[in-house]
Amino acid sequence: MSGAPGALRVLGDDKVVAFAPSADAVHPDSESPQRVRIIDGTLACLARHGTAKTTVDDIARQSGVSRATVYRAFPGGRDEILGAVVDTEVARLFSALGVCLGSAEELSQALVAGIVEASVRLRDHTALHFLVEHEPGIILGHLAFADSDRLLAIASRFTAPFLARWMAPAEAARVAEWAARIVLSYAVSPSPRTDLCDPAQATRLVHTFMLPGIEALQAAAAGPIDITPHRPGLGRSPN
Amino acid sequence: MDDVRQRIIEASYVCVARRGVAKTTVEDMAREAGMSRATIYRAFPGGRDEVINATVAWATLDFFGKLYERIQGSGDFEEMMERGIMFAHQSIIEHDVLQRVMETEPDKLLPILTVESNRIREGIAAVLAPYLTERGLAPGVDPDDAADFLARMVLSYISAPGRWDLEDPEQVARLVRSELLAGVVVPARPR
């Protein structure tokens, strides 16, 4: 069952409850219908009021179940529910990504479809949107430094096998991480010039920047790094 | 930046290093700076938060000054990127105050950093743009798109290295020549 306590972290003295997706959060089907109902009810509450104003009573009411039912499904209470919400939403995202990555017929199609799908889901996620607008501390706490690393690792672990249809597993892992970086960067701070929710613009980015980069990664894996005419070669100190 | 503001900022930095952001008050800053609270509020009408923001801005500028020094004397554009990334990564992991605040109270710092990061990204893009043009853009690549993309990627790698070991010069060289520059600039030598 997802929603394990390991997904949660309490920050500092403010008793702000934050949650990091656990590395095993890719099994949406492991949730019972009761838990799913409560999780979806919680998402609806979060989209309207954020975490600060979402109590177990609100969750119960929104989910159409009793408080007792909520606590039976989530003995850890609100904290456990919020952790499960994160795990479930992450799992849903990667499930959707799996569908479009799996049905792609060539690499650039897979990259474009995956990037667009992820970008659209992030943009349209109402609960995420509320939190970003009104409780940025919670979200931002997980978008920088070590937590970004964790997010990238999860994304890479999940999507790399799909990309391995077209390249060696080691390269697939790097490219999967790179695609996740790109999605994250443009989702967190949008650029007026590049909207990755638009397939045409995502295609332009993939073709311009990613495909040559992938070629270079594969070439580097195959042999020594290309050296330019004006560099004496490898093995010199970085100074 | 005038002397009074600078002294307050440096005092604020010492306080944050000692006790973190949340526990640093204007009183602490005043005591550390050897000034009255009134002086602090005169220099920073926005109070404690304004001082904290200014301290972050100052620390950031200070870092970029050192970064700029580090990349001087680079042989070519690729080397400049390599030096910059390695230096930036090293600075971040060795920055005790930053690491402690990020660990204990990230929600205090990150909203500031996020606002700053847009400005930082634009700043990096602006610095890179002329070097990119000089190096030679790949055909059909828009210079502003390229600079923006590069700036985003640089910030991403130095804040979250992922699979890359940014202390290994060979890996950094490979990173620069693939995920950063491969589609952006003309190849280093003809195919």
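At what angle do the axes of helix 5 of chain B and helix 9 of chain B cross, and within what distance do they come? The axes cross at roughly 120 degrees and come within 9 Å.

## Basis of the model

This is a predicted model, in which local features need pLDDT of at least 70, side-chain atom pairs count only at pLDDT 80 or more, and totals for chains, interfaces and linings use all residues. Residues are numbered from 1 along each chain as its sequence is written, while chains are lettered from A and ligands numbered from 1 in the order in which they are written.

## Chain A

Chain A contains ten helices and two strands, where helices (H or I, at least four residues) and strands (E, at least two) are DSSP runs numbered from the N terminus. From the N terminus on, the order of elements is β-β-α-α-α-α-α-α-α-α-α-α. Of the 239 residues in chain A, 38% are buried; a residue is buried if 20 or more other C-beta atoms lie within 10 Å of its own, exposed if 12 or fewer, and partly exposed in between, with C-beta atoms placed from the backbone. Among contacts in chain A with a separation of 6 or more, 63% are between residues 24 or more positions apart; a contact requires C-beta atoms, placed from the backbone, to lie within 7 Å.

A:L184 belongs to helix 9 (residues 169-188) of chain A. A:L184 counts as buried because it has 21 C-beta neighbours inside 10 Å. Its C-alpha atom is 9.0 Å from that of A:L152, 32 residues away along the chain.

## Chain B and its domains

Chain B has nine helices and zero strands. Its C-alpha atoms fill a box of roughly 65 × 30 × 30 Å, taken along the principal axes. Buried residues account for 36% of the 191 residues in chain B. For contacts in chain B between residues at least 6 apart in sequence, 59% join residues at least 24 apart.

Two domains are assigned in chain B, domain 1 (1-55) and domain 2 (73-185), with bounds that come from an automatic or database domain assignment. The contact between them takes six residues from domain 1 of chain B and seven residues from domain 2 of chain B. On the side of domain 1 of chain B that touches domain 2 of chain B, there are four nonpolar, two polar and no charged residues; Ala, Val, Leu, Ile, Met, Phe, Trp, Tyr, Cys and Pro count as nonpolar, Asp, Glu, Lys and Arg as charged, and the others, Gly among them, as polar. The centres of the two domains, taken over C-alpha atoms, are separated by 30 Å.

## Helix 9 of chain B

Helix 9 (residues 169-180) of chain B is mostly covered, with nine of its twelve residues buried. Among the buried residues are B:V172, B:R174, B:R177 and B:E179. Their cover includes helix 9 and helix 10 (199-222) of chain A, together with helix 5 (77-94) and helix 8 (143-159) of chain B.

## Packing of helix 5 against helix 9 in chain B

The crossing at roughly 120 degrees refers to lines fitted to C-alpha atoms, for helices over the stretch in contact, with angles running from 0 to 180 degrees between N-to-C directions. Helix 5 of chain B and helix 9 of chain B are therefore oblique to each other; angles under 35 degrees count as roughly parallel, over 145 as roughly antiparallel, 65 to 115 as roughly perpendicular and the rest as oblique.

The contact involves B:E78, B:M81, B:E82, B:I85 and B:M86 of helix 5 of chain B, and B:P169, B:V172, B:A173, B:V176, B:R177 and B:L180 of helix 9 of chain B. The residues of this contact divide into eight nonpolar, no polar and three charged.

Definitions and conventions. Contact = placed C-beta atoms within 7 Å.
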